[in-house]
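Subject: Structure handover

Dear colleague,

Here is the structure for your files. My notes come after it.

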Amino acid sequence: MKIEAPEYIRSIVPYPPGKPIEELEREYGVQNPIKLASNENPWGSSPKALEAIRNGLSNLNRYPDGSNFYLVKAIADKLGFSPDEVIIGNGSDEIIEFLVKAFVEPGDEVITSHPSFLMYQKVVQVRGGVNIILPLKGMHHDLDTILAKITERTRLVFLDNPNNPTATSISPPDLYTFLSNVPESVIVVLDEAYVDFMDLDQQVDVYSLIHNSKGRCGVVALRTFSKAYGLAGVRVGYGLMDKRLADMLHRVRQPFNVNQLAQLAAIAALEDGEFYEQTLEGTREGKAWLTKEVEKLGCRSYASQTNFFLVDVKGDATVLYEAMLRKGVIIRSMKAYGYANVIRISVGTTEENYRCIGALDQCLQELAYVS
Ligand SMILES: Cc1ncc(COP(=O)(O)O)c(C=O)c1O
């Protein structure tokens, strides 16, 4: 075949998703494995969302509502935004794509941190943009260096707040100072995929950041239904931004980008305060318990503003990851992210957490990582 994709496409490394449960069963012959690797909701989905999906099944011969009217309205009403400031995506991943498609031309620069959510850099590369990748400073976004690296070609700065994988957040005063120094020509994207799990005093007021942006950079907030709302499988997320930015994103999106069942499920999930609160409570309890237990095993845990946390296992993280797989527990090794001895664990149900600690205890002993 004589067809060849451009070099900037050929050099893209495909996104490495957490190992699927089915793959582990197939490859390792493990029964009932558990997955604590993709920061999903271990308690399933909101029962109200599932009921909405069941009720929506009879209409699948029709295209979905391309304007996402009722979901946009539900989000706008809940957060006090105007509907023309809300964009819905097939996961918040898709809104990352919209932003890059709409605002980045080949050769334009986009600033991200390393490590942070890998999709930003991938999407920029697809567009032929230039990734300016700046190391974290002590597991936090290095805001001073980011400011110093902004040039006339900088279009976007992506800040996942909290950051994935380090689970750290930017303190609100630091963020406000940073934003006041970013030039007006730059859009700062605050990716708040894990905002629901943050301590209240760490959450930033995105409403006022977006509405008081006169003479300042554009601020976009991204949120998702994949985590606290338990709807990762139907793919739905949203963005909040000035209506002039939203107008540009509407121009690059497909007319029916969010499927009908996802729209119905998300509307119902927003109304299911009980499931949402139980998720937050279960996450808080699970994280506190897991943290205590890994410390008891001689590991070091890092503070977390999310539904996952990092653990220094004091030995090669990838070897430990493989050993955990053989015991039917899927976690993540952070070795490829530059933390050779660190794993990432997503909080699971009580039973899953218990199994994870049991497997970790055995693996640490077998590998003689801690005495
Ligand atoms: C920081 C961050 N942003 C965005 C996403 C993507 O979320 P969604 O499922 O809405 O595409 C993730 C998923 O893990 C994430 O960790």
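This is a predicted model: local features need pLDDT of at least 70, side-chain atom pairs count only at pLDDT 80 or more; totals for chains, interfaces and linings use all residues.

Residues are numbered from 1 along each chain as its sequence is written.

Whole chain

The protein chain has 14 helices and 13 strands; these are DSSP runs numbered from the N terminus, helices being H or I of at least four residues and strands E of at least two. Its radius of gyration is 21 Å, close to the 21 Å that the globule rule gives for 371 residues, so the chain is as compact as a globular protein of that length. (The radius is taken over C-alpha atoms, and the rule is 2.2 Å times the number of residues to the power 0.38.) Along the principal axes, the C-alpha atoms fill a box of roughly 60 × 55 × 55 Å.

Of the 371 residues, 44% count as buried. Buried means 20 or more other C-beta atoms within 10 Å of the residue's own, exposed means 12 or fewer, and partly exposed lies in between, with C-beta atoms placed from the backbone. Of the contacts between residues at least 6 apart in sequence, 74% join residues at least 24 apart; a contact requires C-beta atoms, placed from the backbone, within 7 Å.

Helix pairs

Axes are lines fitted to C-alpha atoms, for helices over the stretch in contact, and angles run from 0 to 180 degrees between N-to-C directions. Angles under 35 degrees count as roughly parallel, over 145 as roughly antiparallel, 65 to 115 as roughly perpendicular and the rest as oblique. A crossing is left-handed if the near helix is turned anticlockwise from the far one by less than a right angle, and right-handed if clockwise. For residue classes, Ala, Val, Leu, Ile, Met, Phe, Trp, Tyr, Cys and Pro are nonpolar, Asp, Glu, Lys and Arg charged, and the others, Gly among them, polar.

Helix 14 (residues 350-366) packs against helix 13 (residues 317-326) at about 125°, the axes being 10 Å apart. The two are therefore oblique to each other, and their crossing is right-handed. L320, A323 and M324 of helix 13 meet A359, L360, C363 and E366 of helix 14. That contact has six nonpolar, no polar and one charged residues.

Helix 14 also packs with helix 12 (residues 273-296), at about 15° and with axes 11 Å apart. This pair is therefore roughly parallel, again with a right-handed crossing. From helix 12, G286, W289, L290, E293 and V294 meet T350, N353, I357 and L360 of helix 14. By class there are five nonpolar, three polar and one charged residues.

Helix 4 (residues 69-79) and helix 11 (residues 260-271) cross at roughly 25°, their axes coming within 9 Å. They are therefore roughly parallel, and the crossing is left-handed. Y70, L71, A74 and K78 of helix 4 make the contact with Q263, A266, I267 and L270 of helix 11. Here the classes are six nonpolar, one polar and one charged.

W43

W43 sits in the loop between strand 1 (34-35) and helix 3 (47-56). It has 14 C-beta neighbours inside 10 Å and so counts as partly exposed. Leaving out residues up to four places away in sequence, W43 touches G230, Q278, T279, G282 and T349. A228 is 185 residues from W43 in sequence, yet their C-alpha atoms are 9.7 Å apart.

Regards

Note on methods
Two residues are in contact if their C-beta atoms, placed from the backbone, lie within 7 Å.
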